[in-house]
Amino acid sequence: MLLSIFGERQQFSFPSIFIYGHTSSGKTYVMQTLLNTLQLPHVFVNCVEYFTSRLLLEEILMQLQSCCSETEQTSHVHCDTFNDFVRLFKQAVVSEELEDQTLYIVLDRAEQLREMEANILPAFLRLQELTDRNVTVVLLSEIVWELFRPNTGCFEPFTLYFPDYSIGHLQKILSQNHPPEYSVDFYAAYINILLGVFYMVCRDLKELQHLAALNFSKYCEPVVRGEANERDTRKLWKNIEPHLKKAMHTVYLREISSSQWERLQRDDGEPGQLKGLSAHTHVELPYYSKFLLIAAYLASYNPVRTDKRFFLKHHGKIRKTNFMKKHEKTSNHLLGPKPFPLDRLLAILYSIVDNRVAPTANIFSQITSLVTLQLLSMVGHNDQLDGPRYKCTVSLDFIRAVAR
Amino acid sequence: MWQSCGLVFFPIKHGLNVCSHLDLSEMFTGQIQEDLNKQLFDNLVSFLRRSHSEFQEKTTEWTCRMKSKEIPTAALVLGVNVTDHDLTFRSLSEVLQNNITPYIAFLEAKDCPGVKKLMQKLMGQLMNCYVDVDSSEDEDYVQVSHNRIRCSMTSLINWYESVTKKTDSETPSKKRTSSSRHWQSPPVVVVFKDMESFSTKVLQDFIVISSQHIHELPLVLIFGIATSPMIIHSLLPHSVSSLLCIELFQSLSCKDHLSTIIDKLLLRASFPFKLGEKVLQVLINIFLYHDFSVQNFVKGFQLCIVEHFCSQPVSVLCCQLVDAKKRADSLSHDQCENIRKLPSFRRYVESQVSEKQIALLTEDTYLKETTQKLLEDLHVYHENYLSVLRCLHVFTSFLPKYPLGKQIRELHCACLENQVWETEEYESSLQLARMLNKSDLVTMLQQCVEIFVSSSGKEFDNTVEKLKEFLTQFQKLEGGCKTDLYHLQKLKESRRYKKLTKFEMLRFDVVDYIDSLVRNYLVPANHKTLHEIAYFNTASVLREHLNAAPRIALHTALNNPYRYLKNQELKSDEGSISNKAPDICIVYKLHLECGRLINLVDWLEAFSTVVMAAEGPNADAASSDQVDDIIHARFIRAVSELELLGFIKPSKQKTDHVARLTWGGC
């Protein structure tokens with residue numbers, strides 16, 4: 001398909017092609033192998049890596065210099081604007097004697113182009129016209145073209161969609177990379193089991209490949225020990241399935257790292273010993289910070305008008321306030337935290353702490369450190385001196401743990 | 001600052017003494033810190049080695065080919081005491097430089113608003129640390145690279161390659177030294193000091209970029225996390241966090257850290273300086289209630305030392321016992337007088353017979369002798385106190401609900417405060433101790449024996465004997481029980497009772513013995529003569545310095561200007577408004593009487609009446625209908641000063657009003 005678009009070397013092709021599809025549907029891989037196997041002159045750039053337009057343009061020129069003349073030392077080129085780029089680009093093409101071939105510039109993760117200067121994307125789209133050379137720009141992205149289109153209008157590229165791999169495709173692809181020690185069928189059966197467990201949650205080819213590699217040694221274990229032969233799929237399945245499920249809850253979510261997982265497999269230990277990342281949710285806070293955080297939470301989720309009822313009548317009884325809050329909770333929690341002024345926070349703090357709190361510098365600095373810890377966030381930066389406003393960003397569960 | 005203080009108030013020798021104490025405590029805390037973090041650092045180092053070795057081997061095995069290459073990442077959970085982190089990171093970088101790699105970069109969120117800035121910072125730091133390692137001869141290289149830092153990963157990789165190649169081509173001797181410490185291609189460690197504050201986008205981009213080059217550049221990330229590791233998941237989407245190979249490292253909790261410091265620093269007989277109960281309480285409260293910062297605790301402790309040596313004249317004698325005796329011998333007459341003025345010494349004098357009283361109060365030489373003796377007593381008291389305190393702590397820490405506190409510091413405070421055996425908590429803990437089971441009692445006794453044996457006090461030989469005797473008795477009891485069970489299948493009720501009572505008797509004995517120890521040795525320090533020499537007790541000073549209350553200070557300054565200005569004219573009774581006070585004070589007092597919105601005209605009028613009251617009735621008559629321009633100007637200035645201090649702000653609701661930003665009257 002692409003080949004037909006590219007046409008012959010000498011022919012002018014589409015000025016720009018836009019290829020999109022979901023994560024790991026093979027866009028980059030297909031482009032790379034295509035260009036490499038056909039030995040087409042090309043430049044391959046990742047837009048995330050070259051995060052400014054200047055870096056991006058310079059990188060393209062550098063690669064262009066080196067792509068045909070390996071022997072020559074690439075000198076550093078300065079290129080600040082697109083105008084310079086077009087000029088230098090023409091020079092480069094002439095000097096490398098590429099006039100008679102189509103040059104391909106592939107921009108991976110092209111969605112980053114939108115964040116750069118406004119002229120970059122439209123200019124790349126009509127590079128052929130601007131430089132008057134035989135060049136094709138290929139954009140690779142995960143999002144659809146409609147989200148790219150700048151409001152000033154631009155040259156429409158030829159769009160091409162890469163569909164997601166189906167389960168069959170995934171299986172074929174995964175099975176192809178079988179380890180040399182084992183037969184294809186054996187590995188294919190393993191992949192089949194793996195997909196059965198993971199296909200529901202993950203269709204990312206890279207991730208699946210990674211998981212397959214991680215868990216394969218466990219799958220082979222009975223065979224190595226001689227308890228089962230390679231054809232004994234059912235036995236192997238029984239052995240591996242709970243293991244894979246465990247993996248889904250831990251490694252896949254990156255609760256524990258893959259190297260820890262491997263060590264675990266080797267030692268045959270229980271993953272219970274290794275607590276995952278989310279097991280350590282408890283945060284120790286100083287005494288007054290806890291109260292500050294609770295006060296902030298109350299201020300964020302309770303409407304102002306209820307303050308009087310909650311904090312004056314039942315002076316200093318935090319349990320009561322929590323209890324009474326229940327009937328309003330549903331709506332307020334769906335709406336998210338509301339900003340509140342500093343005064344209100346302190347007033348609530350004074351009423352929920354049993355003994356008197358002196359408004360010392362330490363209390364105020366604790367508020368700021370809570371902001372740096374991202375437990376509170378400051379809203380509106382314009383009048384920080386007069387009356388700063390904050391928002392409480394922690395969840396109910398967290399506040400429950402703190403209040404305990 | 002403290003050095004000069006010492007020199008002003010005391011002989012030079014003593015200034016140096018202060019200085020050495022400060023050094024001492026600093027050294028201690030540094031040492032302790034290192035010990036505490038050792039475990040953590042060891043784990044980290046081994047992690048880094050592991051992650052590195054994979055890179056080194058470059059295996060072409062099937063599994064390695066298949067696995068997507070992840071960036072090894074250490075999530076370092078450090079606790080919320082952000083102020084202490086710097087110290088930890090500093091020692092971490094030292095450890096890493098010595099053991100793993102010279103290439104370490106520390107990134108802070110405030111320096112990295114974008115990927116570009118991050119890369120700049122990263123490369124700058126990496127290339128500088130290269131200079132550190134290979135000294136001056138390579139400077140020309142560094143200069144070249146500094147001239148054109150192209151902040152991209154490619155240039156970073158180029159740099160890395162050139163650096164590692166260089167190490168290879170070095171002279172053999174040098175190579176050996178470097179390879180003994182680092183490997184051929186040491187990993188590049190990037191530390192994100194405050195993970196929470198980094199913006200999501202910057203982190204994501206950086207991770208995506210570096211994951212593409214992980215094959216060429218052995219990168220290791222360290223996330224410094226203050227809250228909980230969940231923050232990684234909330235900051236990074238799955239597509240990004242799947243590029244990382246995260247392992248968790250937890251540092252010691254700051255409370256444990258504090259306990260160790262107190263244990264090593266305060267509860268040591270050899271350290272002459274002690275904290276009084278109130279002071280210690282202030283320091284601990286600041287720690288627990290406010291910041292969890294061990295560093296601040298240590299700083300507070302240092303402040304105490306400085307305060308003590310600057311404000312207490314008799315602190316000359318606060319040093320090691322041998323020195324203190326020498327110094328006591330060479331005291332001047334004034335210094336002797338100072339000692340006589342001490343309340344604890346007066347109490348001591350009063351308890352003596354009358355001839356001795358006279359001798360103590362008039363003869364300097366006799367006083368010096370007594371002082372030496374008393375100092376020795378004090379020293380012995382300290383040694384005994386600490387051993388018995390630890391012993392009592394062994395007991396109380398076994399009790400359910402910890403009536404005397406779980407930590408030794410709480411027990412220490414209770415003992416310093418007053419006679420601990422008179423408190424209810426002590427009574428209840430004794431009650432509980434009488435109900436302990438045998439195995440607990442035995443282990444406790446064994447621990448106590450260890451404590452006493454290792455203690456430096458000389459009086460504990462008998463105690464050790466006694467405790468050992470208890471232990472043997474328990475063992476005998478056990479033996480008796482066994483034979484009984486062995487020989488007689490059924491025990492009669494009466495016999496069983498007898499057995500139990502035997503055990504109970506012994507238990508009572510043990511508890512009573514411990515009680516007697518406590519009564520003997522855990523006398524509060526302020527009952528001891530000359531305790532002022534070693535103990536720092538003025539908690540109010542410390543509170544003023546460490547727990548500043550800006551609002552209250554401002555309020556007193558404006559409400560009661562005499563307090564700071566010390567002008568006799570300003571001395572007035574509370575409540576009334578004196579016209580002699582500065583304008584701003586008058587305006588402030590007037591504004592306290594108003595509600596949320598203040599009418600400027602009314603305020604001005606009130607102000608002018610107060611000011612005019614001084615000038616007498618004739619002046620009053622002259623300007624009754626119209627306010628003087630000068631007074632008007634003074635008023636406006638005072639009001640704008642108040643606005644600057646943040647008490648009022650212009651209101652949009654009513655044009656001629658200002659809004660109060662504070663609430664409440666005086």
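**Entry 1**

I started at B:Asp111, which is partly exposed at a relative accessible area of 22% (buried is under 20%, exposed over 50%, partly exposed in between, with a 1.4 Å probe and protein chains only). I then looked up B:Lys121, which is partly exposed too, at 33%. The two side chains meet in a salt bridge, 3.9 Å from N to O (a side-chain nitrogen of Lys or Arg within 4 Å of a carboxyl oxygen of Asp or Glu). B:Asp111 sits in the loop between β2 (104-107) and α5 (115-134) of chain B, and B:Lys121 in helix α5, 10 residues apart. Helices (H or I, at least four residues) and strands (E, at least two) are DSSP runs, numbered from the N terminus.

**Entry 2: ground rules**

I noted that the model is predicted, that local features need pLDDT of at least 70 and side-chain atom pairs pLDDT 80 or more, while totals for chains, interfaces and linings use all residues. Residues count from 1 along each chain as written, chains are lettered from A and ligands numbered from 1 in written order, and side-chain values use heavy atoms, without hydrogens and water.

**Entry 3: further salt bridges**

I searched the whole structure and found 13 salt bridges over all chains. B:Lys193 pairs with B:Asp86, the closest N and O atoms being 3.5 Å apart. B:Lys193 lies in the loop between β3 (188-192) and α9 (200-212) of chain B and B:Asp86 in helix α4 (82-99), so the pair ties together parts 107 residues apart in sequence. B:Lys193 is buried at 18% relative accessibility; B:Asp86 is partly exposed at 43%.

B:Lys325 is in helix α15 (321-329) of chain B and B:Glu376 in helix α19 (364-396), 51 residues apart. B:Lys325 is partly exposed at 27%, and B:Glu376 is partly exposed at 36%.

**Entry 4: chain A**

I traced an open sheet of five strands, parallel in pairing, in the order β2-β3-β4-β1-β5 (two strands pair if DSSP finds at least two bridges between them). β2 (42-46) and β5 (158-162) of chain A are at the edges with a single partner strand each, so one side of each has no neighbour in the sheet. Five bridges join β1 (16-21) to β4 (135-141) of chain A. One partner pair is A:Tyr20 with A:Ser141 in β4.

Last, I looked at helix α15 (342-352) of chain A. Eight of its 11 residues are buried, so this helix is largely enclosed by the rest of the structure. Among them are A:Leu342, A:Arg344 and A:Ile352.
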